[in-house]
Amino acid sequence: MYKMTGQLRDSDKTQLEQWINQGPKNFTLLFRATSDGCSSQIFHQKCDYQGATITVAYNQQGSVFGGYTSASWAASVASHIRDDRAFLFQLKYSGSDTRRKFPVSKTAYSIYSHASFGPIFGQNDMYLFQQTIQNIGGVFSMDGTCAFGVCYTMTGVTSWNDIHNGDMKATDIEVYSVAAKPPEPNTNQKWRKVPEWNKKSVQELIQEALSIKPNPCLKIQDYRIVLIGPVGSGKSSFCNTINSVFRGRITQRAICGEETHSITTAYKPYSIKSNRESKLNIRLCDTRGLETDLGMDIMEFAYLLNGHIPEKYKFNAEQPIAIDDAVFITKPGLQDKIHCVVFVLDASNLHKLDSKIMDKIKSFRKAATRIEIPQAVLLTKIDIEEKALAQKYETVYSNSSIEKKVIQVSEMLGFPKNHVFPVKNYENEVMLDDGVNLLALLALRQILYFAEDYMENQSSDNEDFPVKDHDFEAGSESI
């Protein structure tokens, strides 16, 4: 079932919880004028017998105000309802946070519930509308009134003009149910089992990554891992983060930054060495960021998967690579092909991801799946999505918000949840952090495992037949 979301901010909910003073609350949107229509009939259909609610009005001046009642609305009552806990409130005035609580003083007249009217607090202390109000140009001209200080104590203001600017034209009206929030689960309970969070685990993961190598019978040196994702998702930053982990210092081999279009324009593989000159058997391949009308298309991606695109090839949206291009690799070997595809997504921006880009990612996933190339997802910028994680990266795998993001991506793209890895790239730091390193290494290890599994399949497929190069036609049959 589709769940409506309202304009009420988390900070507003926290303030309301404090005013209600009964512990943490869940706020569920029941009614929204812009979505449901501004009518007393719809208001009562959606909000009657729902227990405690808050009503919130937003006006053209950027002011936000409303009322709370612990009593249920009920059209059939057609009279006042007593509620000792009711109050009016102010959250914003002319766009600026202005938080005031106005408690009920005449409790016998706390709210008035009638089928012909929307929510009324007091004896018209806050009366917004009756019957039906039309949305004209994005505004509801409320036909109610706000009587000052009749049944509510209006401390801190001299009139309703100090609350709604004398403007009874609403851009929206919302009603939320307010229910007790269930106890939070044990925050130490991890939703994915990971190693202990310490320097020893970092070193063990580094050594394990260095030890993973392709089967010698395949006659290739490195696993070729390609990073695919929208502009600004953090592909290049992940290359730098992995390089930093193994070099033991912050590095920036891949150029990064914030731009409208992709800073990375070429297919650029990076080899990784440790600070002891040991080499990781991987080529981490950066690519141009995906855009709605720029970047790789499905045909170029198919060429890339099958090894037809050479290293350092510069993507050209106006003229994609073609079979007759001089640089086109017509007979790629296994070393030229992609061994694992890693999609990189910004965890803080999933809700804004363009549908065309999402469709492109899904088509890329299908193309890779068709030829049995394994795939994973990196969820970057988790510290922006969940600010409580800053400097507490050991809590990532027990953080419910990050778990929800992993589940969301899993459902969006059809990945098993254990193919989705939250990471934090080095961006502002000038010194290494064990938490950042561990997140990157846990993701890298699993990506290497996926590539190793793919190579094992290649080795099994060729037990009776020697490994050989395939020409373009043969390599593209399954695309």
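Modeller: Let's start with lysine 199 and aspartate 434, whose side chains meet in a salt bridge with N and O 3.0 Å apart. Lysine 199 sits in helix α5 (residues 199–211) and aspartate 434 in helix α11 (residues 434–461), so this pair ties together parts that are 235 residues apart in sequence. By salt bridge I mean a side-chain nitrogen of Lys or Arg within 4 Å of a carboxyl oxygen of Asp or Glu. Helices are DSSP runs of H or I with at least four residues, strands are runs of E with at least two, and both are numbered from the N terminus.

Before going on, bear in mind that this is a predicted model: local features need pLDDT of at least 70, and side-chain atom pairs count only at pLDDT 80 or more, while totals for chains, interfaces and linings use all residues. Residues are numbered from 1 along each chain as its sequence is written, and side-chain values use heavy atoms, with hydrogens and water left out.

Back to our pair: lysine 199 is exposed, at 57% relative accessible area, whereas aspartate 434 is partly exposed, at 25%. Here buried means under 20% relative accessible area, exposed means over 50%, and partly exposed is in between (1.4 Å probe, protein chains only).

Now for arginine 32, which has a salt bridge to aspartate 172, with the closest N and O atoms 2.7 Å apart. That link joins distant parts of the chain, since arginine 32 is in strand β1 (residues 25–32) and aspartate 172 is in strand β14 (residues 169–180), 140 residues apart. Arginine 32 also meets glutamate 174 in a salt bridge, at 3.3 Å from N to O. Glutamate 174 is in strand β14 too, so its pairing with arginine 32 in β1 ties together parts 142 residues apart in sequence. Arginine 32 is buried, with a relative accessible area of 18%. Aspartate 172 is buried at 1%, and glutamate 174 is buried at 0%.

By the same rule, the count comes to 16 salt bridges. Some share partners: Arg9, Asp12, Asp97 and Arg99 are joined into one network that way.

After α1 comes asparagine 21, with a positive phi near 60°.
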